[in-house]
Amino acid sequence: VFVIQAVLEFSKPCVVPDEETQCGILLRHMQNVGPITTGEAFELYRITCAGQRMTDLRNRFGWPVKSDPYKTPGGAIVAKYYLARRA
């Protein structure tokens with residue numbers, strides 16, 4: 001059912017990565033919790049290369065991952081990743 005919903009929601013089919021992989025963990029977070037930064041990915045899941053995993057989700061799996069600049073409480077500007085509503 002989950003895969004069918006993904007296919008219907010976006011203009012091209014999306015492949016769901018294994019839930020235990022870094023891509024799967026990040027995808028599940030964005031679907032269930034919301035946007036995530038690389039710092040949050042490290043703090044929550046010990047994923048050190050979240051930016052590359054987001055590229056994998058886009059290019060290998062077909063998910064519409066977007067990013068916007070986000071200013072952290074410490075003043076750093078980082079990327080905040082999220083799933084686009086529509087492709």
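1. R28 and E19 form a salt bridge, with 3.7 Å between the closest N and O atoms. The term covers a side-chain nitrogen of Lys or Arg within 4 Å of a carboxyl oxygen of Asp or Glu. R28 is partly exposed, at 32% relative accessible area. E19 is partly exposed as well, at 49%. Here buried stands for under 20% relative accessible area, exposed for over 50%, and partly exposed for what lies in between (1.4 Å probe, protein chains only).

2. A word on the basis. This is a predicted model, in which local features need pLDDT of at least 70 and side-chain atom pairs count only at pLDDT 80 or more, while totals for chains, interfaces and linings use all residues. Residues are numbered from 1 along each chain as its sequence is written, and side-chain values use heavy atoms, without hydrogens and water.

3. The salt bridge count is 2. Side chains of opposite charge can pair when their charged atoms come close. Besides R28 and E19, D56 and R53 meet at 2.8 Å, N to O. D56 and R53 both belong to helix 4 (residues 50-59) and sit 3 residues apart, about one turn of the helix. Both are buried.

4. Overall layout: 4 helices and 3 strands. From the N terminus the order is α-α-β-α-α-β-β. These elements are DSSP runs numbered from the N terminus: helices are H or I with at least four residues, strands E with at least two. The accessible surface is about 5600 Å², and 53% of it belongs to carbon and sulfur atoms. The areas come from the Shrake-Rupley method with a 1.4 Å probe; for residues, only the protein chains shown count as cover.

5. The largest nonpolar core holds 17 residues. Such a core is a set of buried Ala, Val, Leu, Ile, Met, Phe, Trp, Tyr and Cys residues joined through side-chain atoms within 4.5 Å. L26, M30, M54, L57, W63 and V65 have the most contacts inside this core. Helix 2 (22-32), helix 4 and strand 3 (77-83) each give two or more residues to this core. Helix 2 supplies the largest share, 5 residues.

6. Helix 2 deserves a look. Its buried residues are C23, G24, I25, L26, L27, H29 and M30. Their cover includes strand 1 (36-37), helix 3 (38-45), helix 4, strand 2 (65-71) and strand 3. Not counting residues up to four places away in sequence, L26 touches I36, A41, I47, A50, R53, M54 and L57; contact means heavy atoms within 4.5 Å. Just after helix 2, G34 takes a positive phi of about 135 degrees.

7. Contacts across the sequence come next. Among contacts between residues at least 6 apart in sequence, 49% join residues at least 24 apart. A79, in strand 3, is partly exposed at 24% relative accessibility. Neighbours within four places aside, A79 is in contact with I36, T37, T38, S67 and D68. A79 and G39 are 40 residues apart in sequence and 9.5 Å apart in space, C-alpha to C-alpha.

8. R46 lies over the face of F42, 4.9 Å from the ring centre. K80 has its charged end over the ring of Y70, 4.0 Å from the centre. The rule asks for NZ of Lys or CZ of Arg within 6 Å of the ring centre and within 35 degrees of the ring normal.
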